[in-house]
Amino acid sequence: MKTAEFKHLITQKNQIQQVTASSLKSVVNTYPYFQMARVLYLEKLRKDNSFKYNQELKKTAAHTRDRAVLFEYITSTDFSQRKAEDKSKNNLKDVEANKQPGSSVENTKKLLAVGKPLQFDSSERYSFNQWLQLSTKKPIERTKKIEVKKLQKEDLINKFIEVNPKIKPLSKDKHISISVNENQQDSSLMTETLAKVYLEQKKYENAIQAYRILSLKYPEKSGFFADQIKRIQILQK
């Protein structure tokens with residue numbers, strides 16, 4: 001993309017549909033920390049209803065010094081107005097997609113809008129922060145050396161307990177009962193967007209629990225949330 005074309009796009013964002021996503025992506029690849037380039041590329045993906053939007057949002061956040069600024073932008077009034085227009089178009093596409101033949105899993109993903117751009121509003125900062133977290137954690141590989149070091153460390157602790165007169169070692173037959181509160185999701189923070197965040201991260205149990213909470217908060221939509229839960233259970237299988 002030429003410099004003059006890019007400068008014009010900055011002042012005339014409504015003309016973003018006239019450029020290709022690949023041309024903006026090339027600018028991002030060349031200047032990965034150029035915030036305006038990333039914002040425009042993100043905007044283009046959202047306008048195109050691209051499945052790349054959600055992951056690109058994470059990348060943009062990773063390259064942004066102040067994520068609060070990014071959050072304010074994607075929840076701004078202007079952005080929200082364009083988002084509402086896109087949502088009505090997306091709903092029509094979902095209805096058309098549901099009429100097309102395909103596997104049960106494929107249709108379920110379309111009905112759940114899996115891969116569609118996540119749409120946050122200004123009250124969903126918690127949901128936004130949850131989305132930026134890694135969806136999976138790499139398992140810790142335990143080697144023999146790590147186990148040996150662990151045993152050595154335990155030996156040192158046991159010797160310290162035996163020698164130090166201020167600390168009395170616990171007898172082996174003594175049991176201590178510790179009550180642990182179950183990790184429950186805060187209903188005040190629960191939104192449909194957060195449920196979709198869990199779904200995008202493939203945290204299906206969290207997503208199901210989220211829709212159950214929403215069903216209690218908004219009983220008038222309990223039928224819709226029940227359908228969402230059934231669809232997620234299909235993906236689980």
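Biologist: Leaving aside its neighbours within four places in sequence, which residues is Phe71 in contact with?
Modeller: This is a predicted model. In it, Phe71 is in contact with Phe120, Asp121, Ser122, Glu124, Arg125 and Phe128, with neighbours within four places in sequence left aside.

Biologist: And where does Phe71 lie?
Modeller: Phe71 lies in helix H5, which covers residues 67-74.

Biologist: Is Phe71 buried or exposed?
Modeller: Phe71 has a relative accessible area of 2%, and the limit for buried is under 20%, so Phe71 counts as buried.

Biologist: What separates the C-alpha atoms of Phe71 and Asp121?
Modeller: The separation is 8.8 Å, although Phe71 and Asp121 are 50 residues apart along the chain.

Biologist: Which residues do ring pairs link into a cluster with Phe71?
Modeller: Phe120 and Phe128 are linked with Phe71 into a cluster by ring pairs.

Biologist: How many aromatic pairs are there by this rule?
Modeller: The count comes to five aromatic pairs. In one of them, Phe120 and Phe128 have ring centres 5.5 Å apart and planes at 85°; planes over 60 degrees apart count as edge-to-face, so this pair is edge-to-face. Both partners are buried, Phe120 with a relative accessible area of 1% and Phe128 at 2% relative accessibility. Another aromatic pair, Tyr211 and Phe225, is tilted, with 5.8 Å from centre to centre and 35° between the planes.

Biologist: Which helices hold Tyr211 and Phe225?
Modeller: Tyr211 is in helix H11 and Phe225 in helix H12 (residues 222-236), so the pair links distant parts of the chain, its members being 14 residues apart. Tyr211 counts as buried at 1% relative accessibility, and Phe225 is buried with a relative accessible area of 1%.

Biologist: Which residue lies over the face of Trp131?
Modeller: Lys58 lies there, at 4.3 Å from the ring centre of Trp131.

Biologist: Let us step back to the whole chain. How many helices and strands are there?
Modeller: The protein chain has twelve helices and zero strands.

Biologist: What share of the residues is buried?
Modeller: Buried residues make up 32% of the 237 residues in the protein chain. The accessible surface comes to about 16,600 Å², and 53% of that belongs to carbon and sulfur atoms.

Biologist: What share of the contacts comes from residues 24 or more positions apart?
Modeller: Among contacts with a separation of 6 or more, such residues account for 63%.

Biologist: How many residues has the largest nonpolar core?
Modeller: The largest nonpolar core has 43 residues, and those with the most contacts inside it are Leu24, Leu57, Ile74, Phe120, Phe128 and Ile232. Helix H11 (residues 204-217) gives this core its largest share, seven residues. In soluble globular proteins, nonpolar side chains tend to be buried together.

Biologist: What does Leu24 touch?
Modeller: Not counting residues up to four places away in sequence, Leu24 touches Met1, Phe6, Leu9, Ile16, Val19, Leu40, Tyr41 and Lys44.

Biologist: Now to helix H3. Why is H3 said to be largely enclosed?
Modeller: Ten of the 13 residues of H3 are buried, so the rest of the structure largely encloses this helix. The buried residues are Ala37, Arg38, Val39, Leu40, Tyr41, Leu42, Glu43, Lys44, Leu45 and Arg46.

Biologist: What span should H3 have?
Modeller: At 1.5 Å a residue, H3 (residues 35-47) should span 18 Å, and its end C-alpha atoms are 18 Å apart, which agrees. H3 is followed by Asn49, whose phi is positive, near 55°.

Biologist: Which residue is 34 residues apart from Val39 along the chain, with C-alpha atoms separated by 9.0 Å?
Modeller: That residue is Tyr73. Val39 itself is in helix H3, and Val39 is buried, with a relative accessible area of 15%.

Biologist: One last topic. How many residues of helix H10 are buried?
Modeller: Seven of the nine residues of H10 (residues 192-200) are buried, and the helix is mostly covered. The buried residues are Thr193, Leu194, Ala195, Val197, Tyr198, Leu199 and Glu200.

Biologist: Which helices do these buried residues pack against?
Modeller: The buried residues of H10 pack against helix H4 (53-62), helix H8 (125-132), H11 and H12. After H10 comes Lys202, whose phi is positive, near 65°.

Note on methods:
Residues are numbered from 1 along each chain as its sequence is written. This is a predicted model: local features need pLDDT of at least 70, side-chain atom pairs count only at pLDDT 80 or more; totals for chains, interfaces and linings use all residues. Side-chain values use heavy atoms; hydrogens and water are left out. Helices (H or I, at least four residues) and strands (E, at least two) are DSSP runs, numbered from the N terminus. The expected span of a helix is 1.5 Å times one less than its number of residues. Buried means under 20% relative accessible area, exposed over 50%, partly exposed in between (1.4 Å probe, protein chains only). Contact means heavy atoms within 4.5 Å. Accessible areas come from the Shrake-Rupley method with a 1.4 Å probe; for residues, only the protein chains shown count as cover. A nonpolar core is a set of buried Ala, Val, Leu, Ile, Met, Phe, Trp, Tyr and Cys residues joined through side-chain atoms within 4.5 Å. Rings of Phe, Tyr and Trp (its six-membered ring) pair if their centres lie within 6.5 Å; planes under 30 degrees apart count as stacked, over 60 as edge-to-face and the rest as tilted. A charge sits over a ring if NZ of Lys or CZ of Arg is within 6 Å of the ring centre and within 35 degrees of the ring normal.
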